[in-house]
Amino acid sequence: MADLLLGIDIGTYSSKGVLCRPDGEILADARYEHGISLPKPGFVEQDAENIWWADFCEIAKQLSAQVPQGDQIVGVGLSAIGACLLPVDKSGNPLRPGILYGIDTRSNPQVEAIEDQFGREALVEFGGSRLTSQSIGAKILWLQQNEPENYNRAHKFLTSTSYIIFKLTGEFVIDAHTASEFNPLFNIKAAAWDDQFAKQITGIEKLPEVGWSNQIAGTVTKRAADETSLPEGTPVNFGAIDALSEAISVGVIDVGDLMIMYGSTSCLVYFIEKPIPSHELWLEAGAFKGQYEYTAGMSTSGSATTWFRDLFAKDLLSDEKNKGKNAYAALSEEAAGSKVGADGLLMLPYLSGERTPIFDPNARGVLAGFTLKHTRGDIYRALLEGIGFAIRMNLEAMQKTGAEIDEGVAVGGGTSNQLWVQIVSDITGIQQEIPEQTIGAAYGDAFLAGLAVGAISDPGFLKEQWVRFKDAVQPDVSNKKMYDKIYPLFRQLYAKTKDLVHQLSDVKR
């Protein structure tokens, strides 16, 4: 009888699962699509029961059915979008739809109120990061002020992973990594709940028990076994946010390791030796006790390229539908024909505001230097370069804290765009390794489950057995010199247009 590991990740638009052996061999995978709810501007929600739990059950059933005869699932690991706010009653029933992470901006007034009361510096020193729309403490305060009935009925304030773990095990728990985003309720250096700034928000007894992603949170109950087809008594880990599990899935696990994720948004994860608070990044606990990381997150990257394709390359989409070249590949060819610096174009890629390092929800896209001679390829290249400059800003924010970064691992669907990855290496000056396979966060979840149950004895096995690389993208020295001249202009473009753009965002019809 062979031991198997199950990893499931609940994402913003889809959920994924993988069934594998402790040596990393993949036996089966599954995927399930879902959507989001936008009840009003700035509000982004999902149904915990009908999306988070339903997706988990569907994927668990599909993968359980593919367990070879005589083998058994010995550990379950999971991750999800994070952090989210889900108030539940004593029986664990959701009192309202889950309020999503930083893309839900309803709590911006509460962020300002908390900062005004306690001071930004004190809050950063305590929680490691600025309060933003990502901060769950501010969202709990929003709930208190806007939905007092739900606030008063809440027995616990959960997030996406902790709700699924409760449904599986009956335990109210949360991993320290996700708890780090419950600012200002989590003391980052102690890696524990702390009521220093909590009293006006909630009592910390309403928060779930904190543990680590490589620890067991509980075991599958009979009721959960009936709903998921998982064996009753199977251990379940404490979970993680999807970005952390994605990093682990490609071998980013040790101090000094960096992940650059090319997805709908760009996410960077960099592991550090000790917690140094930052005004420009999110400082968070890692997967293991004593581990810390900086996380950076852009609001748009791949979603901006999709926007460009759908709006300005309908002819290429039509060709693609008629069995022609992929529209993204065709756009990249056009951009490759443009000069470094996009023939004098410079673009701010802030099409949905921006998160790190500027934390400006009212930032907007700006295209500068446009003339009649410019082509679609020039503009598309300017967009890719703008994303690259924004990534460089985040890396520099990490370097300000003493981080030494000269290479990283590139993951996500955007890595298929070789020009884009090359541009980022040229702008940042770092080498990027490309994994042979990028299965995603669910693969990292399976690895963490293996550590939790002892099926994997050493985290080092991740790099020894689970992850292989197929290519490395080196920065072009001559291009880097050109980008070094343009980069200060990129930073100036934001600084000099910020006030004007903010005024434009306030213009109402």
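Cys 57 is buried in this predicted model, with a relative accessible area of 8%. A search of the whole structure finds zero disulfides, and Cys 57 is accordingly in no such bond, the nearest cysteine sulfur being that of Cys 84, 18 Å away.

**Cysteines**

- Cys 84 counts as buried, because its relative accessibility is 0%.
- Which cysteine has the sulfur closest to that of Cys 84? The closest cysteine sulfur is in Cys 267, at 14 Å, which is too far for a bond, since a disulfide needs the two sulfur atoms to lie within 2.5 Å.

**Salt bridges**

- Side chains of opposite charge can pair when their charged atoms come close.
- How many salt bridges does a search of the whole structure find? The search finds 26 salt bridges, and the examples that follow are some of them.
- The side chains of Lys 463 and Asp 257 meet in a salt bridge with a distance of 2.8 Å from N to O. This pair links distant parts of the chain, for Lys 463 is in helix 16 (residues 461-466), while Asp 257 is in the loop between helix 9 (242-249) and strand 16 (258-262), and the two residues are 206 residues apart.
- The two partners of that pair can also be described by their accessibility: Lys 463 counts as partly exposed at 39%, whereas Asp 257 is buried, with a relative accessible area of 17%.
- Glu 25 and Arg 21 also meet through their side chains in a salt bridge, with 3.3 Å from N to O. Glu 25 counts as partly exposed at 40% relative accessibility, and Arg 21 is partly exposed as well, with a relative accessible area of 22%.
- Another salt bridge, of 2.6 Å from N to O, is formed by the side chains of Lys 325 and Glu 333, and Lys 325 is partly exposed, with a relative accessible area of 43%.
- Salt bridges can also be linked in a network, as they are for Glu 45, Arg 96, Asp 104, Arg 106 and Glu 147.

**Helix 12 and its cover**

- Helix 12 spans residues 327-336, and its buried residues are Ala 327, Ala 330, Leu 331, Ser 332 and Ala 335.
- What covers these buried residues? The cover of the buried residues of helix 12 includes helix 10, helix 11 (314-321), helix 13 (376-399) and helix 14 (418-428).
- The N-terminal end of helix 12 is capped by Asn 326, which has a side-chain oxygen lying 2.8 Å from the backbone nitrogen of Tyr 328.

**His 34 in its loop**

- His 34 lies in the loop between strand 3 (26-33) and strand 4 (45-46). Is this residue buried or exposed? His 34 is buried, because its relative accessible area is 14%, and the cut-off for a buried residue is under 20%.
- The side chain of His 34 is joined to that of Gln 46 by a polar contact of 3.5 Å.
- When residues up to four places away in sequence are not counted, the residues that His 34 touches include Ile 10, Gly 11, Thr 12, Tyr 13, Ile 51 and Asp 55.

**Residues apart in sequence**

- Asn 93 is placed in the loop between strand 6 (86-88) and strand 7 (98-99), and at 40% relative accessibility it counts as partly exposed.
- Although Asn 93 and Glu 49 are 44 residues apart in sequence, their C-alpha atoms are 8.8 Å apart in space. Leaving aside neighbours within four places in sequence, Asn 93 is in contact with Pro 87 and Val 88.
- Asp 484 is in helix 17 (residues 477-505) and is partly exposed, with a relative accessible area of 30%. The C-alpha atoms of Asp 484 and Thr 428 are separated by 8.9 Å, while the residues are 56 residues apart along the chain.

**A nonpolar surface patch**

- Which residues make the nonpolar surface patch of about 360 Å²? Trp 307, Leu 311, Phe 312 and Leu 351 make this patch.
- Leu 311 is found in helix 10 (residues 302-312), and this residue is partly exposed, with a relative accessible area of 45%.

Definitions and conventions:
Residues are numbered from 1 along each chain as its sequence is written. This is a predicted model: local features need pLDDT of at least 70, side-chain atom pairs count only at pLDDT 80 or more; totals for chains, interfaces and linings use all residues. Side-chain values use heavy atoms; hydrogens and water are left out. Patches are made of residues with over 30% relative accessible area and no salt bridge: like charges are joined within 9 Å, nonpolar side chains (Val, Leu, Ile, Met, Phe, Trp, Tyr) within 5 Å. Accessible areas come from the Shrake-Rupley method with a 1.4 Å probe; for residues, only the protein chains shown count as cover. A salt bridge is a side-chain nitrogen of Lys or Arg within 4 Å of a carboxyl oxygen of Asp or Glu. Helices (H or I, at least four residues) and strands (E, at least two) are DSSP runs, numbered from the N terminus. Buried means under 20% relative accessible area, exposed over 50%, partly exposed in between (1.4 Å probe, protein chains only). A polar contact is a pair of N or O atoms within 3.5 Å; within protein, one must be able to donate a hydrogen and the other to accept it, and residues adjacent in sequence count only if both atoms are side-chain atoms. Contact means heavy atoms within 4.5 Å.
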